[in-house]
Each structure stands twice: as structure tokens, then as C-alpha cells.
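Biologist: Hi, could you walk me through this model? I have some questions ready.

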Amino acid sequence: MFSSTMFASILPEILILMLGMLVLIVEPFWKEEKRRNVGWLTAGGLFAAMLVSFLAGQPGEPTSAFGDMIRFDWLGFFFKMLFMFAGAATALLMMDHERLGKRGEAYLLLLASLIGMNLMAVSSDLIMLFLSIETASIPLYVLAGFMLGDDRSTEAGFKYLLFGILTTTIMLYGFSLVFGFSGTTDMYQLAEMFRVGAIAPLAAFGILALILVGIGFKVAFVPFHFWAPDVYEGSPTPVAGFLSTASKAAGYAVLLRLFFIAFPEPTLSASWTTTLAVIAAISMIVGNLLALPQTNIKRLLAYSSIAHTGYTLIGVVALTQLGAASVVFYLAAYILTNLLAFGIAMAFSKVTGLDDIRDYAGLSRRSPWLGLMMLTAFLSLTGMPPFGGFVAKVVVFAAGIQAGYIWLVIVGVLTSVIGAYYYLNALKFVYLYRMPNQDEENHPIPLSRPYAIALVALTIGVILIGTIFAPWFSWSDAGALNLF
Amino acid sequence: MTFPVLSIITFIPLAAALVLFVIPANRKNEARAVALASAISVLLLSLWVYFTYDQVGAGYQFTENYDWLPALGIGLRFGVDGMSAPLVLLTGVVMFTGVLISWGDDNPHVMAGIQDRPREFFAFLFILATGVLGVFVSLDLFMLIFFYDIAVFPMYLLIVIWGWSVTREYAAMKLTLYLLIGSIISLAGILVMFVAQYQNTGILSFDMLLMEKAGFSQAFQIVWFLPVFLGFAVLGGIWPLHNWSPDGHVAAPTAVSMFHAGVLMKLGAFAALRVGIMLLPEGAKYWQWLIMAFAAIAVVYGAYIAFVQKDFKYMVGFSSVSHMGLVMLGFSTLNEKGLLGSGLQMFSHGAMTALFFAVVGMIYDRAHTRQIPELGGMSKVMPFATVGFIIGGLVSMGMPLFSGFIAEFPIFMGVWQVHWFVAVVCSISIVITAAYIMRNIRQVFFGNMPEKFEGHIADITILDKVAISTLCIFMIVIGLYPKFMAPMVQTGVEYVLRLLGGS
């Protein structure tokens with residue numbers, strides 16, 4: 001019954017679970033001052049798990065496993081690798097956080113959430129999908145509100161929880177309607193049901209709207225974006241970085257599989273692609289415009305991440321193989337870039353305790369390397385070569401144009417100029433302005449070893465994606481091929 | 001396999017930038033030496049390319065072709081033709097002279113050049129240079145826009161960090177946003193062309209040589225010519241979109257102004273030619289009148305605004321708008337003489353304006369003012385710079401025996417063939433240019449030196465003199481011996497004309 005393919009299909013999750021148990025066992029035996037080392041264990045373990053899965057768990061032809069509950073293919077595999085990489089980087093960034101670093105349960109929650117995300121990327125059944133979404137979300141609710149006694153963190157956790165529960169309930173209602181109409185929860189069979197017309201188009205559109213609410217919360221596109229700035233600002237910075245990257249990408253993994261596999265019916269897709277296109281346009285406009293007046297770097301990044309959701313959606317709307325590949329590629333570039341940006345914010349606030357963009361004045365003199373990394377992150381977010389963001393944007397725009405959404409691409413083009421304004425404005429503080437006493441030499445920003453490793457790895461990754469883009473793109477493309 | 005000279009030229013500055021970042025921040029002279037060494041090697045290699053270019057064979061030469069992203073038909077395709085080889089040489093010259101000018105002077109009275117963080121300065125400048133060279137040699141549209149954007153963003157940092165403290169923040173942001181809007185609109189146009197080619201021919205490729213044969217419909221070309229051409233022409237300082245350029249020039253430090261006006265504006269004009277006119281020729285014919293009108297306005301209006309400037313650097317900045325207008329005017333003729341003139345004007349203006357900005361920078365570093373009425377008598381203390389500026393002025397006025405004449409005369413002939421009226425109107429600019437150049441030479445270099453400058457102004461350094469002579473040599477050689485460059489540009493022009501069909 002239990003074949004080697006089935007084993008390989010959940011190999012990463014098995015490894016993460018083992019790692020989690022190891023963390024749980026080891027942590028109480030370490031003394032208080034050494035407990036930070038759990039972070040090394042988590043990051044190293046995740047990296048090893050990536051390596052092992054990459055060597056032993058590569059998918060071949062797409063297959064279903066566990067009673068058609070999960071789909072074992074390249075799309076899911078590539079997403080899993082991305083999540084685990086993001087998880088490892090986040091674990092490193094958590095190590096020197098004053099409230100998270102020495103708490104073993106924080107790392108455990110991170111790992112639990114990762115298992116959920118990995119399963120989100122491969123679920124091919126609505127029930128499985130719902131379970132994995134909850135597995136991914138619940139630990140994140142706790143992590144967001146982890147800083148007990150800190151009002152803003154508590155608010156963030158609570159807000160995230162309420163929004164999350166509300167929206168996933170609505171999505172679950174949509175799922176139950178799907179089952180009621182069609183009698184199946186399997187995504188691949190659903191496609192067939194739509195083809196034979198078991199569900200009336202209007203009902204299907206209504207169901208889709210309900211499901212979009214849940215996904216919209218995960219990826220933070222516009223009508224469901226309200227939680228993002230407050231939660232990012234209040235929650236511990238590494239957690240905010242994780243929320244804005246891996247969690248969002250997991251939402252996209254679900255979105256891709258649902259809309260490319262389960263609801264591909266042409267008459268149906270015409271209505272929802274138009275809806276999503278409008279949502280994409282509004283997300284780009286609102287995200288970029290609201291980012292303009294922000295003074296807090298985490299809020300700025302929150303609004304910019306809403307805008308980036310809009311760009312990614314262009315690829316989904318295109319509904320072509322290039323579109324799907326561009327979404328995956330965009331997410332890969334975006335995960336690295338945004339983690340880098342949040343990592344810098346974390347490294348900076350750890351030394352100074354400050355989060356305002358104004359406080360970054362003189363950063364390039366206080367720490368030239370941190371300044372350069374911030375330059376990398378922000379220019380990549382702007383969409384400048386030779387960084388990942390540029391190629392990602394080009395591919396997404398190309399997909400949009402290929403599918404005939406020229407108006408949407410033009411909105412994307414114009415809003416990314418607005419984006420350039422506030423990203424460059426932040427860099428102005430880093431490079432031009434100085435500290436009040438102009439004594440930057442006396443206020444260096446030392447990077448502890450985990451931060452240095454994480455930030456350098458992310459910077460190199462951003463540059464690699466932006467210059468040698470062939471391997472990344474062919475992986476994204478191989479994943480996209482599984483949707484057709 | 002042949003020696004990949006073009007990719008070496010393109011990536012030398014990038015490699016130098018990476019080396020610079022690992023040099024300790026306080027080793028300023030080492031940083032400068034690395035910069036100079038790489039600038040010299042780029043100059044020598046570009047000279048080698050220039051002189052070994054086979055003018056009889058013409059076409060794209062020194063081609064290199066590496067697959068980069070085969071799934072989307074992106075490749076590192078390099079090659080130069082008669083249009084771009086002079087521009088590669090120009091970039092080499094401006095890099096070399098720019099490094100010399102920025103070397104600095106330890107004399108505490110002067111504080112010329114870049115004294116604050118020269119390591120970062122040269123690193124950013126050279127990243128920019130890689131972008132510039134990459135655009136000139138790219139035969140792949142994706143790579144072209146890739147390098148184009150690399151050339152744009154370091155400008156922001158270079159101006160904002162080392163620029164003139166009064167206007168740098170405003171000017172740098174304005175410049176970057178203008179150029180970004182332009183480049184991203186062109187990018188959208190390029191993607192549309194890419195998709196349209198796929199629909200027409202089934203070829204998924206950014207290769208420009210293939211795209212020349214993509215068979216875009218006339219309606220398509222007419223719709224997309226303007227966004228693509230104007231998007232690039234923003235960087236070329238075309239009239240209604242030129243506003244960023246004088247502000248940017250003035251706010252930038254000397255070497256960056258030289259780069260900016262000398263090379264970067266050519267980048268815009270060159271990309272507008274390569275992508276706009278060569279790939280969408282029907283669109284170019286349709287919109288010819290509009291481009292010509294814009295260019296003519298730039299020529300006359302730029303010259304007039306330069307005439308009324310009190311600030312020396314603004315004057316040079318607006319004169320750049322006027323001269324780049326001539327380049328665009330030559331493009332808009334779409335005939336042999338006009339395009340030939342434009343090709344020569346790009347080189348001639350590049351060298352001339354770099355020289356202007358260098359001299360203006362030298363004066364400002366010593367006198368700490370750029371107000372023309374406050375200056376005077378500079379020829380007594382810096383005779384060498386004076387001679388250099390006069391030569392530049394003669395080029396600017398289009399005097400025979402200098403490169404300006406060789407470049408501007410064909411442009412006017414070409415314009416005359418299309419609309420004699422436009423040629424007459426634009427020739428006014430020659431008179432205005434002569435007026436402001438001569439007036440300023442008299443006021444700044446001759447005239448009486450104000451008392452406050454007596455004894456405070458030091459002569460320029462030997463490095464500055466080398467830089468000035470290098471630039472002057474090219475302008476004089478082209479003027480006296482046009483065969484140095486004209487036949488080569490001619491081969492490039494013939495290629496463009498073939499794409500335009502007929503004539």
C-alpha cells in the first residue's frame with residue numbers, strides 16, 4: 001500500500017516533522033543562554049531537509065497519492081523548496097529577536113506552519129486543502145501575537161486571528177457548496193463536473209467569489225488587505241517577513257491549482273479572470289498609493305507587498321502556461337527580496353530599536369554592507385536590473401500582454417513608477433542623510449552571525465535570480481506545465 | 001572561437017566595481033587606481049574594436065551569441081555596427097577622462113574631484129558604464145532594456161550623494177522618475193513587439209535581427225512607434241520631455257555630468273533609433289513630422305534658453321538639449337545625410353559636452369560660483385582649460401575644421417531635403433549658439449578677474465590637462481580628417497536605410 005512514491009511525495013513534511021520533534025526534545029535540555037541555538041538547529045535542519053528532498057524526493061510524472069488527497073508534481077515541489085528556504089531564513093532572523101530568539105516553541109510553531117504550507121501547495125482535494133490552510137494559519141496567529149504584554153503585537157495577533165477565521169469560514173462555506181452541487185471534493189474531478197455542466201455558471205461564480213475571499217486574505221489583495229499593515233507592524237519583524245512572503249506564496253499555490261485545475265471552464269473563467277484582473281489593477285493602485293505616505297518601514301513594506309500581489313495576479317489572470325510560470329518566478333524573486341528587506345529591518349531594529357524610515361539616516365556610513373543590501377532589496381522591489389524583481393516583472397508583463405491584457409500591464413507599468421518614488425525615497429535616507437551629530441562612525445550596526453549568513457545568502461539569491469535566470473525560469477516553467 | 005572583445009569591454013567596468021567594493025574605504029588612491037586602470041583598458045579595447053572594424057564588410061561585427069534563457073528566446077547577443085562602434089569608443093573616452101577629472105586635488109584651496117567616498121563613487125559610476133556599454137553592443141532587445149535600466153538607477157545615487165547640495169534631491173528624483181517612466185513604457189512596447197512577433201512568425205525570441213523581419217503590420221507599427229521611440233527619447237532629451245536634463249546636469253558632480261550628457265543622452269537617442277526606427281520603420285515614416293517638429297523645437301528653444309542662462313552649468317545643460325535636438329532632427333529626416341550627421345553628431349557632441357562640463361567643473365571647484373557675471377579672467381590662471389573650452393565652443397558653433405561642422409552640415413542638408421523650411425528655422429540656433437558661446441568665453445575667460453579671486457585660483461592639475469587634450473584630439477581629428485569616422489557611420493546608415501526600405 002505504502003509505495004516509495006507516496007513516501008517521496010511527503011518526504012519534506014516528514015523531515016520537517018522530525019525536525020520539529022527534535023526541537024521539542026532538545027530545547028528543554030539547553031541552558032537559557034544557549035537556547036538561541038535552537039535557531040541554528042531549525043535553520044540547519046531545514047536546509048538539510050531541502051537537500052535531502054531535492055536529492056531523494058524529486059517528482060517525476062505528476063501522480064496522485066494518499067487517495068487523491070495530494071498531487072505529487074513539480075509545481076508543488078518548487079513551492080515546497082521556496083517555503084523551506086524562507087523558513088530557514090526566518091529561523092535565522094528569529095535568533096536574535098529579544099522575545100522570540102530563546103523560545104523553542106517559536107521555532108516549533110514556524111515548523112508547524114511550514115508543514116501546513118507545504119501541504120497547501122500539493123493539496124488536490126478541497127478537504128485536504130482546508131486542513132492544510134488551517135495547519136499553516138493557526139501557528140502564525142500565535143506567532144503574530146507572540147510578544148505577550150506588547151499591545152501592538154497582541155493587537156496584531158488578534159486581528160490576524162479574527163480576519164483569518166472569518167475569511168476561511170467563508171471559504172469553507174464555498175467548499176461546502178461545491179460539494180453540495182457536484183458531490184465531489186476532488187479538484188481534478190471538479191474540472192470534469194464543470195465541463196459536463198453539473199454546476200450552473202452563475203452558482204459557480206458565486207462559489208468562486210466565496211473561495212476568493214479566503215484566498216484574498218492569504219495573499220492580501222485589495223478588498224481583503226486591511227489586516228496586512230497592522231499585523232506586519234505589530235508582529236515580530238521576522239514573523240512579518242514570513243507572513244508577507246511564504247504565507248502569501250502558499251496562497252498563490254492554492255490559487256494556481258484551484259483556478260487552473262478545478263475551474264478551467266472557458267465560460268466560467270471569462271467572468272473570474274475579469275474579476276481578478278480588476279482586483280489586480282486595484283491592488284497595484286491602492287498598494288502603491290497608500291505606501292507613499294508611510295513613515296514606518298514595516299508598514300511601507302506591507303503596502304508594497306499589497307502592490308506586489310497585484311503584479312503577481314497579472315500572471316494568474318493570463319491563464320496561460322507562461323502566466324503560471326511567471327507567477328511562480330515572480331514569487332521566487334519576491335520571497336527572497338522581501339525577506340531581505342524585512343531581515344534588514346530586523347537587523348537594524350535589533351541594534352537601534354527603531355522602525356521609522358527616518359531613523360535609517362546615515363545607514364550607509366554606519367554599515368556600508370547593510371546599506372548595499374538595502375539597496376539590493378529596494379531596487380529589486382522597484383524592478384531594477386540586475387536584481388530578481390526586474391526579470392520577474394518583465395515575465396509577468398509579457399504573460400499579461402500575451403493574453404491580451406494590455407490595459408492591465410499599462411496599469412502595472414504606471415504604478416511601478418509610483419513604487420520607484422517611495423523605494424528611492426527610502427534609499428535617500430540610507431545614502432544621503434546623516435545622523436544628527438554626523439558621528440556615524442561611533443554608531444556602527446554590527447551584524448551577528450545568523451543575520452550575516454541570512455542576509456548575505458538572500459542578497460546573493462536576489463542577484464542570482466536577476467542575472468542567471470534560466471534555471472529558475474525552467475523550474476517555474478516545469479511547474480507551470482503541470483497545470484495543463 | 002574568436003576573442004569575445006565586446007563582452008570583455010562591457011563587463012570590465014562591472015568587475016572593477018566589484019573589486020572596488022572590497023577595497024577598504026580609507027584606501028582612496030588605490031580605489032582611484034583601480035578605476036583608472038579599468039577605464040584605460042576599456043579605452044584601449046574600444047579603440048582596438050574601432051580600428052579593426054571592417055568597413056568594407058559592414059554589418060554587425062565582433063558578434064557573440066550565448067543562450068541565456070532559451071525558453072523565452074533571451075540571449076546574450078553582442079555586436080557592433082557602424083552606428084554603435086563610435087559610441088563604444090566615445091564611452092571609453094568619457095570613462096577615461098571622467099576618472100581623471102574625478103581624481104581630485106589635495107590642495108585644500110581646491111578640493112576638486114571626488115574626495116568623499118571615492119570608492120563608492122567609482123563603483124556606482126562603473127556599474128552605470130557597464131549598462132551604457134551593454135546597450136551599445138546588445139543585439140537582444142531584452143538585454144538592451146536590461147542594460148538600459150542598469151544605466152539609469154546608479155544615476156540617482158551618484159547625483160543624490162555627490163551632487164550639488166542645493167538641488168540634488170529634487171533633481172535626482174525628477175531625473176530618475178522621468179527616465180523610469182520612459183524606460184518602462186518602452187519595456188511595455190518591447191514586450192508587445194515580442195508577443196506580436198510570436199503571433200506573426202511563431203518565433204519566440206528577443207533577437208533584434210530576427211525582429212527586423214517580424215513583419216509587423218503597418219497599423220501595429222503606427223500605434224507602438226510613439227511609446228517605444230518617445231520612451232527611449234526621454235533619455236535623449238527630446239523636447240517636451242527634456243525637463244529633467246538640465247536640472248540633472250547641474251546637480252550632478254562633474255564626472256557624472258560628463259557621463260550623463262556625453263554618453264547617457266546618446267544612449268537614449270541610440271536606443272530610440274535601434275528599437276524605434278529600425279524595428280518599426282513604418283511607424284517612423286508615419287510619425288516623421290511629429291518627431292521632426294519636436295526636434296526642431298528642441299534645437300531652437302534649447303539654444304534660446306541656453307542664451308539667457310546666468311548659471312554656467314545650466315547654460316551647458318540647455319546647449320545639450322539643443323544639440324541633442326539636432327541628433328533627433330537628423331533621425332527624423334530618415335534619409336542618408338540626416339542619419340549620417342546624427343551618427344557623427346552623437347560622437348562630436350559627446351566629446352564636446354564632456355569637455356564643457358569638465359571645464360565648468362574645474363572653474364566651480366576653484367571659484368565656488370558658477371554665475372557667469374561673477375566670473376572673469378580665468379585665462380590668466382588656467383590657460384590650458386581656456387584653450388580647451390574655446391575648442392569646444394568652436395565645435396559647438398559648428399565651425400569648419402572641427403567635428404561640429406562635419407556633423408551638423410549633413411544634418412541640415414538632410415533636413416533641407418525633407419522640409420527646407422525646418423532647416424531655415426533650425427539654422428537660427430547656430431546664430432544663437434555662436435552668440436552665447438562667444439559671450440561666455442569673453443566674460444568668463446577673458447575680461448577682468450574679480451578681485452576676490454586674485455591669488456586664490458590655482459591652475460588645473462596635470463591629470464585635468466590630459467583629460468582635456470584627449471577630448472580635444474578627437475574633435476580636431478574628426479574635423480580635419482572626416483574619413484576617420486564618416487565612412488564607418490555611413491555603413492551603419494546604409495543598414496538603417498535598408499530597413500526603411502528603398503532610397
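This is a predicted model: local features need pLDDT of at least 70, side-chain atom pairs count only at pLDDT 80 or more; totals for chains, interfaces and linings use all residues.

Biologist: Thanks! How many residues of chain A are in contact with chain B?

Modeller: 27 residues of chain A contact 26 residues of chain B, where contact means C-beta atoms, placed from the backbone, within 7 Å.

Biologist: And which helix of chain A gives the most to that side?

Modeller: That is α18(A), with 10 residues. Helices and strands here are DSSP runs (H or I, at least four residues, for helices; E, at least two, for strands), numbered from the N terminus.

Biologist: What classes of residue are on that side of chain A?

Modeller: There are 22 nonpolar, 3 polar and 2 charged residues. Ala, Val, Leu, Ile, Met, Phe, Trp, Tyr, Cys and Pro count as nonpolar, Asp, Glu, Lys and Arg as charged, and the others, Gly among them, as polar.

Biologist: Let's switch to chain B. How do α3(B) and α19(B) run, roughly parallel or roughly antiparallel?

Modeller: The axes of α3 (residues 84-102) and α19 (residues 462-480) of chain B come within 8 Å and cross at roughly 160°. The two helices are therefore roughly antiparallel. Axes are lines fitted to C-alpha atoms, for helices over the stretch in contact, with angles from 0 to 180 degrees between N-to-C directions. Under 35 degrees counts as roughly parallel, over 145 as roughly antiparallel, 65 to 115 as roughly perpendicular and the rest as oblique.

Biologist: Which residues meet there?

Modeller: From α3(B), those involved include F96(B) and L100(B), and from α19(B) they include V466(B) and F474(B). By class, this contact has 9 nonpolar, 2 polar and 1 charged residues.

Biologist: How about α1(B) and α2(B), at what angle do they cross?

Modeller: At roughly 175°, with their axes coming within 10 Å, so α1(B) and α2(B) are also roughly antiparallel to each other. The contact of α1(B) with α2(B) has 14 nonpolar, 3 polar and no charged residues.

Biologist: Which residues of α18(B) are buried?

Modeller: Among them are V422(B), C426(B), I432(B), Y436(B) and F445(B). Buried means 20 or more other C-beta atoms within 10 Å of a residue's own, exposed means 12 or fewer, and partly exposed is in between, with C-beta atoms placed from the backbone. The buried residues of α18(B) pack against helices of chain B including α12 (288-308) and α13 (312-333).

Biologist: What is phi of Q438(A) near?

Modeller: Near 55°, a positive value in a residue other than glycine. Q438(A) sits in the loop between α18 and α19 of chain A and counts as exposed, with 9 C-beta neighbours inside 10 Å.

Biologist: And F62(B), is that residue buried or exposed?

Modeller: F62(B) is buried, with 22 other C-beta atoms within 10 Å. F62(B) is in strand β1 (residues 61-69) of chain B, and has a positive phi of about 55° although it is not a glycine.

Methods: Residues are numbered from 1 along each chain as its sequence is written. Chains are lettered from A and ligands numbered from 1 in the order in which they are written. Two residues are in contact if their C-beta atoms, placed from the backbone, lie within 7 Å.
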